[in-house]
Amino acid sequence: MGQPQQPEGAGAEEAAAGTDSGTDTGTGAGAGAATGASATRPPLRVGMVGYAFMGAAHSQGWRTAGRVFDLPLNPVLAAICGRDADAVRLAADRHGWASTETDWRTLVERDDIDLVDICTPGDSHSEIALAALAAGKHVLCEKPLANTVEEAQAMTRAAEEAAARGQLAMVGFNYRRVPATALARRMVAEGRVGRLRHLRVTYLQDWLVDPKAPLTWRLRKELAGSGALGDLGAHIVDLAQYLSGERIAGVSALTETFVRERPLPAGAPRGLSAGSADGVTGQVTVDDAAVFTGRLTSGALVSFEATRYATGRKNALRIELNGERGSLAFDLERLNELSYHDGTEPGEHAGFRRILVTEPEHPYLEAWWPPGHGLGYEHTFVHQARDLVHAVAEGRGPEPSFADGLQVQRVLAAVEESAEKNSVYTPITP
Ligand code: SOE
């Protein structure tokens, strides 16, 4: 939790280093500008495990961060790992990785890798992270941190021991790195909404509405840990804690699996889906949706909803915070905007106003495009890479840490426990 990590004047440094495009726009250099200078910086050699949707998103992040931001280390896409040799070779070519491995154990032991980026399903996060930390590497691990609280505890312990040896471990809650959410955190920390009373956070998708959508790994408990709860709920639990700067103290929950049997997948994954095998079905072993309420340590009330059945909602992550002095609202489908109501203004003129979060003073924006030229989903992964590179170079613990990931895991476990007990209020022990 804590303060948002702010970019530190990279645009100005770029200009000073003579890496601006020379067009005198005064707005940072944009993609490609830092390439020459970055080549002379010490490398940060990344080895990534997994190459599907998240692997592609993280690859973009590593590829782009040093070309937009003036980084102290130069991220090098050293090796990518997956079990299928042909598929991983194709992924390496497509995403720009220099070499491939088919066994993650070989990857984490390689002397020419400094940081291991874990983009696999949750069932392997713990084993890979523990091995990578033991091998002396920094680690970035996709969310949710693990499939169980016990795994997340072991990972957090290992990360704390590794920190004493100068290694860093971060969990990939990328939505903290949308400029508008980082700005919202800054505004909450500055007291612009005052004491928080309510948070309303929903994460709505619809890719399971069709009962014939195949039983991909995200629907299997042994691989994914949980369903919409771990996949989408983890993001909104993290955001609620990050934005408020507080912990969730307890929850009451309902979960549901609407379609319990689905066709088995066939062929290569396609985004979140795949082809289906003819006539062969299997059991869905995770939740399709989770609805829960929670209490922050300050006493503020939070409502959460995570579902893959919100027909027509593709990736609708929405947040509203109400405090004694004002309110903030955000919608991922309009991610360059933040709504703010200043409750201290005279009622006559007061109202929600739209902040277009594209000014160079806004988080991460000093190095991108001129005001009004918005960013998208993939930029959150560029910002994630940027922040982690700074943390490694400066030797400071990155956020969100594995301890933050463990706290989210405890909330997810409490949601499941509460849902099993007919929504009984379930406290979360730190
Ligand atoms: C699928 O629901 C998914 O790709 C999640 O796994 C990601 O974390 C989220 O960013 C987008 O949706």
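What separation lies between the centres of domain 1 and domain 2, taken over C-alpha atoms?

1. The model is a predicted one. The centres of domain 1 and domain 2, taken over C-alpha atoms, are separated by 24 Å. Domain 1 covers residues 12-175, while domain 2 is made of two segments, 176-377 and 401-427.

2. To the contact between these domains, domain 1 contributes 31 residues and domain 2 contributes 34 residues. On the side of domain 1 that touches domain 2, the elements giving two or more residues are α3 (53-68), α7 (149-164) and β6 (169-172). Of these, α7 gives the most, with six residues. Sorted by class, that side of domain 1 consists of 18 nonpolar, ten polar and three charged residues.

3. Helix α6 spans residues 125-134, and its buried positions are H125, S126, I128, A129, A132 and L133. Viewed down the axis of α6, the buried residues fall within an arc of 165°, so they line one face of the helix.

4. What do the buried residues of α6 pack against? Their partners are the strands β1 (43-49), β4 (115-118), β5 (138-142) and β6, together with the helices α5 (104-109) and α7. Two of these partners, α7 and β6, also give residues to the side of domain 1 that touches domain 2. After α6 comes G136, which has a positive phi, near 90°.

5. V389 belongs to helix α11, residues 379-394. Is V389 buried or exposed? V389 is buried, because 24 other C-beta atoms lie within 10 Å. Apart from neighbours within four places in sequence, V389 has contacts with L44, A65, L71, P72, L73 and P75. By C-alpha atoms, V389 is 38 Å from T255, and the two are 134 residues apart along the chain.

6. Which residues are found around the ligand? They are F53, Q205, D231, L232, L272 and N315. By class, this shell has three nonpolar residues, two polar and one charged.

Technical notes. Residues numbered from 1 in each chain as written. Predicted model: local features only at pLDDT ≥ 70, side-chain atom pairs only at ≥ 80, totals over all residues. Near = placed C-beta within 6 Å. Nonpolar A, V, L, I, M, F, W, Y, C, P; charged D, E, K, R; others polar. Domains from an automatic or database assignment. Contact = placed C-beta atoms within 7 Å. Helix = DSSP H or I, 4+ residues; strand = E, 2+ residues; numbered from the N terminus. Buried ≥ 20, exposed ≤ 12 C-beta atoms within 10 Å, placed from the backbone. Arc of directions from axis to C-beta.
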